[in-house]
Amino acid sequence: MFDFTLAGARAALRARQVSARELTTAHLGAIEALNPRLNAFITVTPDLALRQAAAADAALARGEAGNLTGIPLAIKDLFCTAGVRTTAASRILEPFVPPYESTVTANLLRDGAVFLGKANLDEFAMGSSNMTSAFGPVTNPWTRPGDPSPLVPGGSSGGSAAAVAAGLALGATATDTGGSIRQPASFCGIAGIKPTYGRCSRWGIVAFASSLDQAGPLARTVEDCAILLGSMAGHDPKDSTSADRPVPDFAAACRRGVRGLRIGVPREYRSDDMPPEIEALWQQGLAWLREAGAETIDVSLPHTKYGLATYYIVAPAEASSNLARYDGVRFGARTEGGDLTGMYENTRAAGFGAEVQRRILIGTYVLSAGYYDAYYLRAQKIRALILRDFTEVFRTVDALLTPTAPSSAFAQGERMDDPVKMYLNDVFTVPANMSGVPGLSVPAGLDARGLPLGLQVLGKPFDEETVFAVGAALERAAGFSARPSLRAGG
Amino acid sequence: MAYVIEGSTGPWEVVIGLEVHAHIISRSKLFSGAATAFGAEPNSQVSFVDAAFPGMLPVINGECVAQAVRTGLGLRAHIHLVSRFDRKNYFYPDLPPGYQISQYAHPIVGAGVIEIELADGSTRSIGVTRLHMEQDAGKSLHDQHPTKSYIDLNRAGVALMEIVSEPDLRSPEEAGAYIRKLRSILRYLGTCDGNMEEGSLRADVNVSVRKHGEPYRTRCEVKNVNSVRFVMQAIEAEATRQVAVWEGGGTVDQETRLFDPARGVTRSMRSKEDAHDYRYFPDPDLFPLVLDEAWVEALRRDLPELPDEKRARFTRDYGLSAYDAGVLVAEQATARYFEEVARGRDAKQAANWVTGDLFATLNRTGRSIEDSPVSAASLGRILDLVADGTINGRIAKDLFDAVAETGDAPDAIVESRGLRQVTDTGAIDAAVTAVLAANPDKVAEYRSGKDKLFGFFVGQVMREMRGKGNPALVNEALKRVL
């Protein structure tokens, strides 16, 4: 049951070899068994899942299977789900039950998916380790052989990634503002794509940084990601930044192959302090693509080095404004104070964790009169240059290949002393958010300590098809078959 | 005579700029589908977007954009085909997202102009700096509970136009004329109902004073003034205060003030030091607003005739004075009424009737011209009855009042009350004879040279004839006999 890919489970459901009820029950059982150790879910919704599974079985019996009918998924607890508590892993939203369904999750429900529950994450998606969740850290199902110390799953979509890697769900929704899909995918040995900005509606997703946030799937294979994205994506008139263009057959693109494609290798992603095994895996990935018929070309993205610094101005700036609505007045948690200001201060002091408070402060600072031009305005100018880098380079290549993250998963509690060290996790992933281009992480190998490493494929805006084609080719060549130590049915 | 404040050191010129906030007429709010009707139950017109629930996103209301563009065109202003929405960040319970979406750096409408007409018949062009769209906030009610404030979000997110003038105004009268003219244009365009009592139109008034020929001195902003009269009073009060400060050796500090109409003074609301840092930045939920030039041109073609054009046409085509034309075009309904009365008739008479008897009757009865007790058709008929000699001018006034009172047709009243004027010279001569016989002393005085008494005899004869005598024939008969 737990060896299924999403595509395989879908075929088995349609062939009536397994029922949605069986599949759902098995996954709920795995959650019950493993979630106490992983803490991948903040909220589990067994009753709802079983009702949805029953409806799925009925639809399957009628021969009316949708794209995802009967497929059990984990939903990052940043997506509002009607009638199901949505916390953003924050105390301030602990009691919040949305009366509406996000567009992305509504699309999944439309296509017959079963929701197992709400996955843990860094508070308000702010983090690269899942250590900032108000509901406790998520534990990576992978451990270093011979070393039991718990590792982080990456972040912010750490719960989603851990759940998928450990077999607690066939796939998961996630969001990516600076790498929050791709870095956890790399740390947990699974696939994850941040599609082009505008591909998925942001309506009903708790906002972190509006111009960077983008929803995408996490799954154990590239094809599974393609199947999920096919349901999640689509134009939404309720999101002004959603792209009005048709959703291609992403799954079909996975079978295209890479013969004749030109793959760029950005030299700025190479650094002296990059671990040699990551450099080696990168070269291996390029070799695989050449063997599959692609051409690899050295290219330059000259403004890459400013990406991270710029990101940590733009994202907190938008967050400081987006999070102003959590004021204790209309919903969520309130802590009374002597007067209005006291209530605001007490509510936000009690409701927001340290990292969220840090980013609100940074964001408020960079937008302040007298500092705006030096920080926010300059960051926006550099952002335009980063986008121009990509536009230029995509005139000559079809996709880029880079490492996903500068390291494999680290131990819980590591890098907590210096936020900048933590922020450096996002160095390879942030440029895709700054420019809006799609980025896919594919599990490609293990490091010397036996932990998974991912490679990142970046593509042209709205050309996820090529990204999937390249990612699937890498996946086939890598033949990544290692499994985490903590795993359902394992 | 230029308006000045006379201080102990001589006259001071007053410099005024206005920021007018006008509610855009639209069925739904600027960025949400919630309704905008005034006076609904508290919090009955609030969407999750207005209440800023997690994950909610703004979507621009195209009709509000069209209304802003129409207004810009009506102000003969430059329309920016690319504009942008910014966030103005501050915390307050009636501002659910913690920011107002506004157009700070790149407004939809640029420089325009408003022609104002003053009581002495002169006109001035007042520069409009810009017009931008923004959201209104909700309402905080502090008087409903001893320790709590109540919040009504019905107004939260309703579309506003902020129309900013250049500091071109120099007197309370000019400021009043500016607001009245702006209101008139907005109502013509159908983009704002101009209802100041319901808060559809509010003004922030920037006031400074200076000696003639000086550069501008520090200004103060008097916030949220909600009637033309209060705007004029606030300017006078604030300018007088500033003159006293300067002449007392002090300096005027830039600050935000409030006008207290009961006491006729302004008082400090917050100083520049306490001013919010609004941390404006482009709203990342919205792409820049890009307008199609052809669409703007289509809106331009569909604009109604505006007050200035109509006034020019009324003076040109109807030969009206600039003043009368100005009065008649202030409201579209009045102009429409006048034109119906004037069609095929003496336009000056029509204008006199509308601005005289009709306005007086509307004032007295408290009714609007749309709901006038005398229709334009009836007033036109009364004029016809005078023109064809059926009634005389004096009876016409009585007939007008009778129509106003009963709502009956003028012809029916003329018949039922026997108001036809008497042109029968025999009857007129008889009345003349009777009046002369009754006033032999007055006749003697007149004949000894007291010409002024002629009017007395006309009045007596008309009275004798119960007002219905043909005035020309009465004059003729009197002259002949006397």
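Me: In strand 7 of chain B, which residue is the bridge partner of G112(B)?

Reply: The bridge partner of G112(B) in that strand is V128(B). Please note that this is a predicted model, in which local features need pLDDT of at least 70 and side-chain atom pairs count only at pLDDT 80 or more, while totals for chains, interfaces and linings use all residues. Residues are numbered from 1 along each chain as its sequence is written, and chains are lettered from A and ligands numbered from 1 in the order in which they are written.

Me: In which sense do strand 6 and strand 7 of chain B pair?

Reply: Strand 6 (residues 112-117) and strand 7 (residues 123-135) of chain B pair in the antiparallel sense, over six bridges. Two strands pair if DSSP finds at least two bridges between them. Strands (E, at least two residues) and helices (H or I, at least four) are DSSP runs, numbered from the N terminus.

Me: And how many residues lie between them?

Reply: Five residues lie between these two strands of chain B, which form a hairpin. In the turn, G121(B) has a positive phi of about 90 degrees.

Me: How many helices and strands does chain B have, then?

Reply: Chain B has 15 helices and 16 strands. Its radius of gyration is 30 Å, well over the 23 Å that the globule rule gives for 482 residues, so chain B is more spread out than a compact globule. The radius is taken over C-alpha atoms, and the rule is 2.2 Å times the number of residues to the power 0.38. The C-alpha trace of chain B spans about 95 × 55 × 50 Å along its principal axes.

Me: Which domains are assigned in chain B?

Reply: The assignment gives domain 1 (5-299), domain 2 (305-417) and domain 3 (425-481). Such bounds come from an automatic or database domain assignment. The centres of domain 1 and domain 3 of chain B, taken over C-alpha atoms, are separated by 64 Å.

Me: New topic: how does the radius of gyration of chain A compare with the globule rule?

Reply: Chain A has 16 helices and 11 strands. Its radius of gyration is 21 Å, close to the 23 Å that the rule gives for 490 residues, so chain A is as compact as a globular protein of that length. Its C-alpha trace spans about 65 × 55 × 50 Å along the principal axes.

Me: What share of chain A counts as buried?

Reply: Of the 490 residues of chain A, 60% count as buried. A residue is buried if 20 or more other C-beta atoms lie within 10 Å of its own, exposed if 12 or fewer, and partly exposed in between, with C-beta atoms placed from the backbone. In chain B, buried residues make up 41% of the 482 residues.

Me: How many residues of helix 5 of chain A are buried?

Reply: Eight of the eight residues of helix 5 (residues 158-165) of chain A are buried. Among them are G158(A), S160(A) and V164(A). After this helix comes G167(A), whose phi is positive, near 80 degrees.

Me: Why is G454(A) called buried?

Reply: G454(A) is buried because 33 other C-beta atoms lie within 10 Å. G454(A) is in strand 11 (residues 452-459) of chain A. Leaving out residues up to four places away in sequence, G454(A) touches several residues, including A185(A), T404(A) and P443(A). Residues are in contact if their C-beta atoms, placed from the backbone, lie within 7 Å.

Me: How many residues does the largest nonpolar core have?

Reply: The largest nonpolar core has 228 residues, and those with the most contacts inside it are L73(A), A74(A), A163(A) and V470(A). Helix 2 (residues 172-189) of chain B gives the most to this core, with nine residues. Apart from it lies another core, of 35 residues, among them Y337(B) and L419(B). A nonpolar core is a set of buried Ala, Val, Leu, Ile, Met, Phe, Trp, Tyr and Cys residues joined through C-beta atoms within 7 Å.

Me: Finally, how many residues does each chain bring to the contact?

Reply: Chain B brings 25 residues and chain A brings 35 residues. On the side of chain B that touches chain A, 18 residues are nonpolar, three polar and four charged. Here Ala, Val, Leu, Ile, Met, Phe, Trp, Tyr, Cys and Pro count as nonpolar, Asp, Glu, Lys and Arg as charged, and the others, Gly among them, as polar.

Me: What does P284(B) touch?

Reply: Not counting residues up to four places away in sequence, P284(B) touches S210(A), S211(A) and E318(A). P284(B) is in the loop between strand 15 (281-282) and strand 16 (289-290) of chain B.

Methods: Two residues are in contact if their C-beta atoms, placed from the backbone, lie within 7 Å.
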